[in-house]
Amino acid sequence: MRILITGGAGCLGSNLTERYLERGDTVCILDNFATGQRESLPAAHSAMTVVEGSVYDRALVDRVFTDFGPTHVIHSAAAYKDPDNWIEDVRTNVEGTIHVVEAARSAGVKRFVNFHTALGYGRPDALPIPVSAPARPFTSYGISKQAGESYLAIAGVPYVSLRLANVTGPRLAIGPIPTFYTRLKAGKGCFCSRTVRDFIDMDDFFSVMDLVMAEGAPTGAFNVSTGTGHSIKEIFDIVVDHLGVTLAEPVPEVDAGADDVPAVVLDPSETMRAFDWKPRYTFEQTIRRMLAWYDQHGVTAIYSHLKAPPAR
Ligand SMILES: NC(=O)c1ccc[n+]([C@@H]2O[C@H](COP(=O)([O-])OP(=O)(O)OC[C@H]3O[C@@H](n4cnc5c(N)ncnc54)[C@H](O)[C@@H]3O)[C@@H](O)[C@H]2O)c1
């Protein structure tokens, strides 16, 4: 395969790049390094090209398609760094997505895989959230990502859009797991928001990617999750246990912020049925595998697409 990965220097993109290069595929990465890092990718590889630039730059996107000639596209680029920078979210997540989708359509790619967020569902009526639940995003990231997916759906390319639970694996630098790990290790205080989320191991994400990238596989939007929700406090307790920390007092728990959703758990049953797929790792195994990776490699910069909670 000749795979173009937009946002290929990011957490998911760099893990996929590593995997495809090992498998013998040829990979081209288009990334502006807004949140991804060049260092996350192999220093050099004869089957890898790295192009620095934005998917918002239509001429650049077209040039990458002409020069590289991808057979497959994985659209992983997304803007979320500054929740108040709506324009950048629209440029990258809506216009940038349209640029990549239109170029992929002209090139006649075999498969277009897009990554979407559970925030597209907004505040769900019921849990776990079926893939048929209405789109009701209410953050700039969620709104713009939803629009990107909606344009992809009407473009007439053979596409799969994966609505992802929190994927954990090498280089994850966002969310409660790296935050608790870093703060507890440094002897700093933490708080847990009273929220429930679903987590999925990178290896389970890889196994679903292998199935959706296959020619002739089902198309459309699919939830990728274990289908089981866990509280942020459960993560905190596992990190405390992993690090062997003794707490002077119980960790404070705070209600979800106004721009947050109390519980997000995606229902993967349709994905499991359509692709005959099943996640392999339990919640606790997934968190502990992540912590073992931090023990070896450390945690890098931490970003969040949510606004910081008020100072305590
Ligand atoms: N990791 C998860 O658990 C998760 C969950 C839900 C959705 N997603 C989606 O998966 C994708 C990858 O997420 P991630 O966790 O790897 O995040 P990430 O921030 O590590 O990766 C995103 C990459 O896109 C790049 N980028 C941003 N704006 C760009 C632009 N205009 N042009 C080119 N590149 C640009 C960034 O530099 C970064 O390398 C995103 O689309 C995200 O919305 C991820």
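Predicted model: local features only at pLDDT ≥ 70, side-chain atom pairs only at ≥ 80, totals over all residues.
**Figure 1. The whole chain.** Along the principal axes, the C-alpha atoms fill a box of roughly 60 × 45 × 40 Å. Of the 312 residues, 46% count as buried. If you look at contacts between residues at least 6 apart in sequence, 80% of them join residues at least 24 apart.

Figure 2. Helix α3 covers residues 86–107. At 1.5 Å a residue, its 22 residues should span 32 Å, and the end C-alpha atoms are 30 Å apart, which agrees. Follow the helix along and you will find a bend of about 30° at Gly96. Gly96 is also one of the buried residues of α3, and the others are Asp89, Thr92, Asn93, Val94, Thr97, His99, Val100, Val101, Ala103 and Ala104. What covers these buried residues? Among the elements that do so are strands β1 (2–6), β4 (72–75) and β5 (111–117), together with helices α2 (58–68) and α4 (140–153). Just after α3 comes Gly108, which takes a positive phi of about 65°.

**Figure 3. The shell around the ligand.** Here we zoom in on the 29 residues around the ligand, of which Gly7, Gly10, Gly36, Ala78 and Phe115 come nearest. Two or more residues of the shell come from each of α1 (11–23), β2 (26–31), α3, β5 and β7 (166–168). Which element gives the largest share of the shell? That is α1, with 3 residues. Sorted by class, the shell holds 14 nonpolar, 13 polar and 2 charged residues.

Figure 4. Most residues other than glycine have a negative phi, and most peptide bonds are trans. In the loop between β5 and α4 sits Pro128, and the peptide bond from Leu127 to Pro128 is cis, with omega near -15°. Phe33, in the loop between β2 and β3 (48–52), is not a glycine, yet has a positive phi of about 60°. Arg171, also not a glycine, has a positive phi of about 75° and lies in the loop between β7 and α5 (176–185). Are these two residues buried or exposed? Phe33 counts as partly exposed because it has 16 C-beta neighbours inside 10 Å, whereas Arg171 has 22 other C-beta atoms within 10 Å and is therefore buried.

**Figure 5. Glu52 and its contacts.** Our last stop is Glu52, a residue of strand β3. Glu52 has 12 other C-beta atoms within 10 Å, so this residue is exposed. Which residues does Glu52 touch, leaving aside those up to four places away in sequence? They are Asp31, Asn32 and Phe33. Ala9 is 43 residues from Glu52 along the chain, and the C-alpha atoms of the two are separated by 9.9 Å.

How values were computed: Residues numbered from 1 in each chain as written. Helix = DSSP H or I, 4+ residues; strand = E, 2+ residues; numbered from the N terminus. Expected span 1.5 Å × (residues − 1). Bend = angle between axes of the 7 residues up to and from the residue. Buried ≥ 20, exposed ≤ 12 C-beta atoms within 10 Å, placed from the backbone. Contact = placed C-beta atoms within 7 Å. Near = placed C-beta within 6 Å. Nonpolar A, V, L, I, M, F, W, Y, C, P; charged D, E, K, R; others polar.
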